[in-house]
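This report describes a single protein chain for a reader who works with coordinates.

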Amino acid sequence: PASARPLTTPRRALTAKGKAAPVPVVAVAWRAADRENAAAVSPEARELFLIEIARGPSGLRVAAMDGEAERGTVKAYADVPMEPGDIERLAEPFALLAHDGGQGAYVPELVEKGRALFERTLPERVRVRIRETKRRTVRLHLEDTLVHVPWELLHDGDEFFGRRFSLGRMVSARSDAA
């Protein structure tokens with residue numbers, strides 16, 4: 001029957017190793033509830049916003065890919081100058097606030113620290129794209145030395161990342177093996 005057929009939604013085309021042309025990708029919803037949910041969510045909301053953050057030679061190296069930029073083969077990185085230890089000093093107050101038992105009295109300070117983290121660790125171009133995106137899902141690609149930073153508590157002036165987006169983390173670890 002027609003109801004047993006999955007709902008397929010074209011997503012985008014991806015370049016694949018060994019293929020000359022981009023390969024079309026579709027989302028498949030098999031269950032009725034999944035089909036209803038997929039139909040109700042706009043294509044923009046289903047797409048992913050990707051942010052890569054790694055340590056660079058003079059601070060942080062940050063790239064953001066949203067929409068068309070995500071499909072290209074070149075990533076535009078921007079460097080955020082930071083002195084050694086700056087990122088640790090930005091992350092430390094979050095740990096202290098989490099352990100103060102403040103019954104919510106710490107929220108204004110958390111917003112302030114989240115805004116400072118947002119402003120200090122992300123280049124202007126990335127901050128603008130984050131504020132303008134219609135995406136609901138963000139995937140953070142992080143270098144392993146940056147996992148202690150509470151990126152979910154970045155605050156764009158309106159909302160915490162962890163409230164605005166469905167967030168995922170992918171961590172890249174450097175291998176010491178030669």
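## A starting residue

Is Asp 86 buried or exposed? Asp 86 is buried, with a relative accessible area of 15%, where buried means under 20% relative accessible area, exposed means over 50% and partly exposed covers the range in between (1.4 Å probe, protein chains only). This residue belongs to helix α3, which spans residues 86–98, and its side chain makes a polar contact of 3.1 Å with the side chain of Arg 120. A polar contact is here a pair of N or O atoms within 3.5 Å; within protein, one atom must be able to donate a hydrogen and the other to accept it, and residues adjacent in sequence count only if both atoms are side-chain atoms.

## Basis of the model

The model is predicted, and local features need pLDDT of at least 70, side-chain atom pairs count only at pLDDT 80 or more, while totals for chains, interfaces and linings use all residues. Residues are numbered from 1 along each chain as its sequence is written, and side-chain values use heavy atoms, with hydrogens and water left out.

## Overall organisation

The protein contains 6 helices and 7 strands, and from the N terminus on its elements follow the order β-β-α-α-β-β-β-α-α-α-β-α-β. Helices (H or I, at least four residues) and strands (E, at least two) are DSSP runs, numbered from the N terminus.

Of the 178 residues, 33% count as buried. Among contacts (heavy atoms within 4.5 Å) with a separation of 6 or more, 60% come from residues 24 or more positions apart.

## The sheet

An open sheet of 5 strands has the order β5-β4-β3-β6-β7, with mixed pairing; two strands pair if DSSP finds at least two bridges between them. Strands β5 (78–81) and β7 (166–172) stand at the edges, each with a single partner strand, so one side of each is left without a neighbour in the sheet. Direction ignored, neighbouring strands are turned by 20° against each other on average. Helix α5 packs on this sheet, where it touches β3, β4 and β5, and its direction makes about 35° with that of β4; axes are lines fitted to C-alpha atoms, for helices over the stretch in contact, and angles run from 0 to 180 degrees between N-to-C directions.

The antiparallel pairs include β4 with β5, over 4 bridges, in which Val 62 has Ala 78 of β5 as its bridge partner. Strands β3 and β4 are also antiparallel, over 8 bridges, and are joined by a hairpin through 2 residues, with Ala 54 partnered by Arg 61 in β4. In β4, 7 of the 8 residues are buried. The parallel pairs include β3 with β6, over 6 bridges, where Phe 49 stands opposite Val 138 in β6, and β6 with β7, over 7 bridges, where Arg 139 stands opposite Gly 168 in β7.

## The nonpolar core and Thr 121

A nonpolar core is a set of buried Ala, Val, Leu, Ile, Met, Phe, Trp, Tyr and Cys residues joined through side-chain atoms within 4.5 Å. In the largest one, which has 28 residues, the members that touch the most others are Ile 51, Ile 53, Leu 60, Val 62, Leu 122, Ile 130 and Trp 151. At least two residues each come from β3 (48–56), β4 (59–66), α3, α4, α5 (124–132) and β6 (137–143), and α3 gives the most, with 4 residues.

Thr 121 lies in helix α4, residues 107–121, and counts as buried at 0% relative accessibility. A polar atom of its side chain lies 2.5 Å from the backbone oxygen of Leu 117.

## A loop position

Gly 157 sits in the loop between β6 and α6 (161–164) and is partly exposed, with a relative accessible area of 30%. The C-alpha atom of Gly 157 is separated by 8.9 Å from that of Gly 114, 43 residues apart along the chain.
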